[in-house]
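Here's a quick walk through this one, a piece at a time. Keep the structure open and follow along.

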Amino acid sequence: MSSPLGRAKAEAETSREQAYAAAREAHLSAAEGALVRVDDLFAGYLPGVNILNGCDLHCAEGELVGIIGPNGAGKSTLLKSMFGLVNIRSGTVTLRGEEITGNKAHQLVKMGVGYVPQVNNVFPRLTIEENLQMGLYHDPKRFDERFDYVAELFPALGTRRKQRAGSLSGGERQMVAMGRALMPSPSVLLLDEPSAGLSPALQDEVFIRCRQINATGVSIIMVEQNARRCLQICDRGYVLDQGRNAYTASGADLMNDPKVIELYLGTLAKA
Ligand SMILES: Nc1ncnc2c1ncn2[C@@H]1O[C@H](COP(=O)(O)OP(=O)(O)O)[C@@H](O)[C@H]1O
Ligand SMILES: [Mg+2]
């Protein structure tokens, strides 16, 4: 006879497996024709240790997709895998129907993928303008045109273009980092916790900017620790747990799903 604790653990495991299976089914029936899709991805840093354990995701043209989940679930690893920064063991990443699994970051930028890492995402010794130039190093002729687009989204970057990025506040740096990734006019932007470490007012501003960027036609896949806020603004969300999707639905449905609330929203940062 197993102990009550053992039985409870087994039940939790079964329920998680059921959630994974349902999430995969939802993925397979909806991912057809997506701008970006990730299928059954296994990836990790160290030999023999997988951090992603069969992860699926898709983002349709024009969508804003949010990814939430506990610390260490593999959210950053998923974004890094899509940007060629992690060893992929199996599974595929596809952009506009073309397989890009393991492509290098500089190739992906040319193909229309932008990525803003969670930390160290600006060159502190360079000015705002030079940071934005770095985003377009492969096509400098387009600088003026793209700078105008970025300065319209983030007016402070235009007026302070000669200021060093290292002297900016956290919120301003985040805008430089997003501006840099937007310079090559990406089709899709991968954002890793853009609101982390910012005051509540600045967090709101970042979320508003994300919606504005999305409204200009850029698809967004965003990882966030501010789970409720993220689900409020995204079209669709994923809950990543132990390197797989436990739940996927519209942001509103996830926010109101009792299981998601009980298992994930109760313990995550509240908006
Ligand atoms: N560079 C690395 N080398 C080895 N392990 C790593 C590295 N980066 C992250 N990990 C491990 O991968 C797991 C998932 O990390 P991460 O993707 O950063 O999670 P999340 O972003 O969901 O908090 C964690 O156990 C973490 O320790
Ligand atoms: Mg992370």
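Let's begin with an open sheet of four strands, which run in the order 2-1-4-5 and pair antiparallel. At its edges sit strand 2 (52-59) and strand 5 (98-99), each of them pairing on one side only. Bear in mind as you look that this is a predicted model.

Zoom in on strand 1 (residues 36-44) and its partner strand 2: six bridges join the two in the antiparallel sense. In general, what holds strands of a sheet together is backbone hydrogen bonding, in either a parallel or an antiparallel arrangement.

Now for the ligand. Which residues surround ligand 1? Y45, L46 and I51 are among them, and so are G69 and the run N71, G72, A73, G74, K75, S76 and T77. Sorted by class, that shell comes out as six polar, four nonpolar and one charged residues.

K75 and T77 turn up again in helix 2 (residues 75-82), where both are buried, together with L78, L79, K80, S81 and M82. That leaves helix 2 mostly covered, with seven of its eight residues buried. Just past helix 2 comes G84, with a positive phi of about 75°.

The buried residues of helix 8 are Q203, V206, F207, C210, I213 and N214. These lie on the same side of helix 8 because they cover an arc of only 120° around the axis. Turn to the face pointing away from that buried side and you'll find the exposed residues A201, I208, R211 and A215.

So what covers the buried residues of helix 8? The cover includes strand 3 (64-68), strand 7 (188-192) and strand 8 (219-223), plus helix 5 (143-153), helix 7 (170-182) and helix 9 (227-233). After helix 8 comes G217, whose phi is positive, near 105°.

Last stop: L265, in helix 11 (residues 258-265). Is L265 buried or exposed? It counts as buried, because it has 20 C-beta neighbours inside 10 Å. Setting aside neighbours within four places in sequence, L265 is in contact with A227, R228 and V260. Take R228: it is 37 residues from L265 in sequence, yet the two are 7.2 Å apart in space, C-alpha to C-alpha.

Key
Residues are numbered from 1 along each chain as its sequence is written. Chains are lettered from A and ligands numbered from 1 in the order in which they are written. This is a predicted model: local features need pLDDT of at least 70, side-chain atom pairs count only at pLDDT 80 or more; totals for chains, interfaces and linings use all residues. A residue is near a molecule or strand if its C-beta atom, placed from the backbone, lies within 6 Å of it. Ala, Val, Leu, Ile, Met, Phe, Trp, Tyr, Cys and Pro count as nonpolar, Asp, Glu, Lys and Arg as charged, and the others, Gly among them, as polar. A residue is buried if 20 or more other C-beta atoms lie within 10 Å of its own, exposed if 12 or fewer, and partly exposed in between; C-beta atoms are placed from the backbone. The arc is that of the directions from the helix axis to the C-beta atoms. Two residues are in contact if their C-beta atoms, placed from the backbone, lie within 7 Å. Two strands pair if DSSP finds at least two bridges between them.
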